[in-house]
Amino acid sequence: MSHSGHIYPNGAFYVKYLMLVYGNEEIWGSLPDADLATLIGAVDAFNERLRASGELVDVQGLVTRARAVRMAGDTPVVTDGPYLEAKEYVGSYLVVDVDSEQRALEIARSYPGLRFGPGTGGGIEVWPLMTRDGADH
């Protein structure tokens, strides 16, 4: 079911949201294997529920840290990213197609990684995506 940024006959408006999932590499990398397997299972079940509801457009884990491309004078230069020294980084993303910002935030609040363990850190940024007409509804 794709409802990307348009109005349905019942008047509901649907829009896509990008969710950036942040985590602390040092903490997540130090989890015992059993805990990591439990977390992965919970996230897989979470993704499957969203897929079954038709709200999940895409979900991917990120394999390595990002590279940044910025202009240095007149030349695009590639460096290791992100620019800021941070303990948290984007480890995965989701794109959902839902009927309201409230639903997108509900999905973000229910992400299993947020509650997995005390002190694991992390969070989710929720970004509305522009529609083809350029509006950010």
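User: What should I know about the ground rules first?

Analyst: It's a predicted model, so local features need pLDDT of at least 70 and side-chain atom pairs count only at pLDDT 80 or more, while totals for chains, interfaces and linings use all residues. Residues are numbered from 1 along each chain as its sequence is written, and side-chain values use heavy atoms, with hydrogens and water left out.

User: Why is Asp97 called buried?

Analyst: Buried means under 20% relative accessible area, exposed means over 50%, and partly exposed is in between (1.4 Å probe, protein chains only). Asp97 comes in at 0%, so it counts as buried. It's in strand S5, and its C-alpha is 6.5 Å from that of Val57, 40 residues apart along the chain.

User: And what makes Asp58 buried, exposed or partly exposed?

Analyst: Asp58 has a relative accessible area of 27%, so it's partly exposed. Asp58 is in strand S2, with its C-alpha 9.6 Å from that of Asp97.

User: Why is Lys87 put in the exposed class?

Analyst: Its relative accessibility is 68%, so Lys87 counts as exposed. You'll find Lys87 in the loop between strand S4 (75–80) and S5. Even there, Lys87 touches Gly23, Asn24 and Glu25, not counting residues up to four places away in sequence; contact means heavy atoms within 4.5 Å.

User: How is Asn47 classed, and why?

Analyst: Asn47 has a relative accessible area of 7%, so it's buried. Asn47 belongs to helix H2, and leaving aside neighbours within four places in sequence, its contacts are Leu56, Val59 and Leu94.

User: What makes a group of residues a nonpolar core?

Analyst: The members have to be buried Ala, Val, Leu, Ile, Met, Phe, Trp, Tyr or Cys, joined through side-chain atoms within 4.5 Å. The largest such core has 19 residues, and Met19, Leu50, Leu94, Val96 and Ile107 have the most contacts inside it. S1, H2, S2, S5 and helix H3 (101–109) each give two or more residues to this core. As a rule, in soluble globular proteins, nonpolar side chains tend to be buried together.

User: Why is something called a pocket and not a cavity?

Analyst: On a 1 Å grid over the protein atoms alone, a cavity is a set of points where a 1.4 Å probe fits but cannot get out, while a pocket is an open set with protein on both sides within 12 Å along at least five of seven lines. The largest pocket holds about 630 Å³, a volume being the space filled by probe spheres set on points joined across faces, edges and corners.

User: How do you know which residues line the largest pocket, and what kinds are they?

Analyst: A lining residue has an atom within 4 Å of a point. Here that's 30 residues, with Val21, Leu39, Gly91, Ser92 and Tyr111 nearest the centre. They split into 15 nonpolar, 12 polar and three charged; Asp, Glu, Lys and Arg count as charged, Ala, Val, Leu, Ile, Met, Phe, Trp, Tyr, Cys and Pro as nonpolar, and the others, Gly among them, as polar. H2 gives the largest share of the lining, six residues.

Notes:
Helices (H or I, at least four residues) and strands (E, at least two) are DSSP runs, numbered from the N terminus.
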